[in-house]
Amino acid sequence: MQRIVYSTIFLLISLLVSCDPAMVYEQYISTENGMWKWTDPGEFEVNITDTISIHNIYLQVRHTVDYPLSNLYMFVHVKGPSGQSLKDTVNLVLATPDGSWTGRGAGNLRELSLLYRKHTQFRQAGIYTFTLEQGMRSPELPVTEMGVRIERINP
């Protein structure tokens, strides 16, 4: 029940933010039973039409306060419209050394956004596929949702 209340709050905030003229794309994928498994990558297909503007790309994570570690490694795969690909390993710092959560939120859920690519220009229009994989040693972690956000920085 509590998860439904917090999900509703995040949904309302998302609706308010959806009026953001700089936002090109924002999508979240929920994990099964609030646990992100090695075997369950998140895939986001983004149709890019603007090859002139400069963009920032963010990786987003929502997790519970039951998360047992202070960070989250992710493998990020990006495939472009003509087959070009990029693979990265990123580290999201979820908690400070004193145990305070770095993300925003209340109650049991926290949300963190990481600037993944700054000042990016998509040189080719078409479908870009972003795949996020959990890269920790634990086969599953209490991550409830993962997301990708792309913003135009010169709207």
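Reader: What makes β5 and strand β8 a pair?

Author: Two strands pair if DSSP finds at least two bridges between them. β5 and strand β8 (residues 126-134) have six bridges and run in the antiparallel sense, so they count as paired by that rule. One of the contributing positions is V76, whose bridge partner in β8 is L132. Strands here are DSSP runs of E with at least two residues, numbered from the N terminus. The model is predicted: local features need pLDDT of at least 70 and side-chain atom pairs count only at pLDDT 80 or more, while totals for chains, interfaces and linings use all residues. Residues are numbered from 1 along each chain as its sequence is written, and side-chain values use heavy atoms, with hydrogens and water left out.

Reader: How do you know that strand β5 also pairs with strand β6?

Author: Nine bridges join strand β5 (residues 71-79) to strand β6 (residues 85-93), and the two run antiparallel. V78, for example, has L86 as its bridge partner in β6. The two strands form a hairpin with five residues between them, and G83 in the turn has a positive phi of about 95°.

Reader: Why are β1 and β7 said to stand at the edges?

Author: Four strands form an open antiparallel sheet in the order β1-β10-β4-β7. β1 (23-30) and β7 (109-120) each have a single partner strand, so one side of each is left without a neighbour in the sheet. β1 pairs with strand β10 (residues 143-152) over seven bridges, and S30 has E145 as its bridge partner in β10.

Reader: Why is N56 called buried?

Author: Buried means under 20% relative accessible area, exposed over 50%, and partly exposed in between (1.4 Å probe, protein chains only). N56 has 9%, so it is buried by that cut-off. N56 is found in strand β4 (residues 55-64). With neighbours within four places in sequence left aside, its contacts (heavy atoms within 4.5 Å) include L115, R117, H119 and R149.

Reader: What does the side chain of N56 reach at 2.9 Å?

Author: The side chain of N56 reaches the backbone nitrogen of H119.

Reader: What makes the phi of H119 worth a remark?

Author: Most residues other than glycine have a negative phi. The phi of H119 is near 55°, a positive value in a residue other than glycine. H119 lies in strand β7 and is exposed, with a relative accessible area of 51%. N33 also has a positive phi, near 55°. N33 is found in the loop between β1 and β2 (36-37) and is exposed, at 65%.

Key. Polar contact = N/O pair within 3.5 Å; in protein donor to acceptor, adjacent residues only side chain to side chain.
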